[in-house]
Amino acid sequence: MSGTATSTARRFAGGAGFLLRGIGLYVRNPGLMLLGVVPALISGVLFLAAYAALVFFVGDLATAVTPFADDWSTATRRVVRVIAGLAILGLGGLLAVLTFTAVTLVIGDPFYEKISERVEQRYGGAPDAVEVPFWASLRRSLVDSIRLVALAALFGIPLFAAGFIPLLGQTVVPVIGAAVGGWLLAVELVGAPFYRRGKGLRERRAALKVDRPTALGFGMAVFVCFLIPLGAVVLMPAAIAGATLLARRTLGQPVTED
């Protein structure tokens, strides 16, 4: 059992390491990677403003979703509404990270496709690559993004409800939220290299499930970094590079340079 746990932890850490390697590629190729910051910056300004508004109005929202506490004692009512506020901010953070990723991938599809392709070339290319027309790629990115947002809302609602549970809602639920968000991010970010090989969403989900700890390690590392103010804007190109390495590893292709 301990050997299995150690192996799982090692694979999880290896997945997080793909983000670090993506950052390394980012640093060594600033000209290309800076192209990826432009669409992320556009999305980042919009989403930071939206989340700032959520923080500003969170007290009013907490009151609106807890009308049952109006007649409770002041102390109890305050505790319930603080918990409600934290749950709202947690749900907002989950949705913001995933929606930001979805919107940014649509806006920056040509840039991120080029970043992913350059990373592939660095590690031997994609021998089974297929030509994907621009409009087909953009349509695919849009459909995948809508699906990602829908899944985020589907998982986010029960997590929001669980956030009201004292202690559990402020400890275990955020970890579950990061795991759910990390998995969805991993599936979304590896889209370009999988489509380059003619493989769709169902196939990339199945491929990532074979080594779920590695995919989760990468996705959760990206999720946590994206929660840092401006982290998503700065690291989006690095996440694309790291996701390309994750895809290559998942498909049994080299992830070391010759």
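Guide: Gladly. Bear in mind that this is a predicted model. Let us start with F68, which has 46% relative accessibility.

Visitor: Why is F68 called partly exposed?

Guide: Buried means under 20% and exposed means over 50%. F68 is at 46%, so it falls in between and counts as partly exposed.

Visitor: What about W72, buried or partly exposed?

Guide: W72 has a relative accessible area of 38%. That value also lies between the 20% and 50% cut-offs, so W72 is partly exposed.

Visitor: Why is the pair of F68 and W72 called tilted?

Guide: Their ring centres are 5.5 Å apart, and pairing requires centres within 6.5 Å. Their planes stand at 55°. Stacked needs under 30 degrees and edge-to-face over 60, so this pair is tilted.

Visitor: What makes F100 and F226 edge-to-face?

Guide: The angle between their planes is 85°, and the cut-off is over 60. Centre to centre they are 6.1 Å apart, within the 6.5 Å limit.

Visitor: Which parts does that pair tie together?

Guide: F100 lies in helix α3, while F226 lies in helix α9, residues 212-227. The pair therefore ties together parts that are 126 residues apart in sequence.

Visitor: How do you know that F100 and F226 are buried?

Guide: Buried means under 20%. F100 has a relative accessible area of 4%, so it is buried. F226 is at 7%, so it is buried as well.

Visitor: Which residues do ring pairs link into a cluster?

Guide: F47, F100 and F226. The model has four aromatic pairs by this rule.

Visitor: Why is T101 called buried?

Guide: Its relative accessible area is 0%. The cut-off is under 20%, so T101 is buried. T101 is found in helix α3, residues 74-107.

Visitor: What is T101 in contact with, leaving aside neighbours within four places in sequence?

Guide: L185, E188, L189, F226 and M236.

Visitor: And E188, why does that count as buried?

Guide: E188 is at 9% relative accessibility, against a cut-off of under 20%, so it counts as buried. E188 sits in helix α6, residues 168-189. Not counting residues up to four places away in sequence, E188 touches T101, L105, D144, S145, L148 and R204.

Visitor: Last one. How do you know that R212 lies over the face of W183?

Guide: R212 is 4.7 Å from the ring centre of W183.

Technical notes: Residues numbered from 1 in each chain as written. Predicted model: local features only at pLDDT ≥ 70, side-chain atom pairs only at ≥ 80, totals over all residues. Heavy atoms only, no water. Helix = DSSP H or I, 4+ residues; strand = E, 2+ residues; numbered from the N terminus. Buried < 20%, exposed > 50% of the residue type's maximum accessible area, 1.4 Å probe, protein only. Contact = heavy atoms within 4.5 Å. Phe/Tyr/Trp six-rings, centres within 6.5 Å; stacked < 30°, edge-to-face > 60°. Lys NZ or Arg CZ within 6 Å of the ring centre and 35° of its normal.
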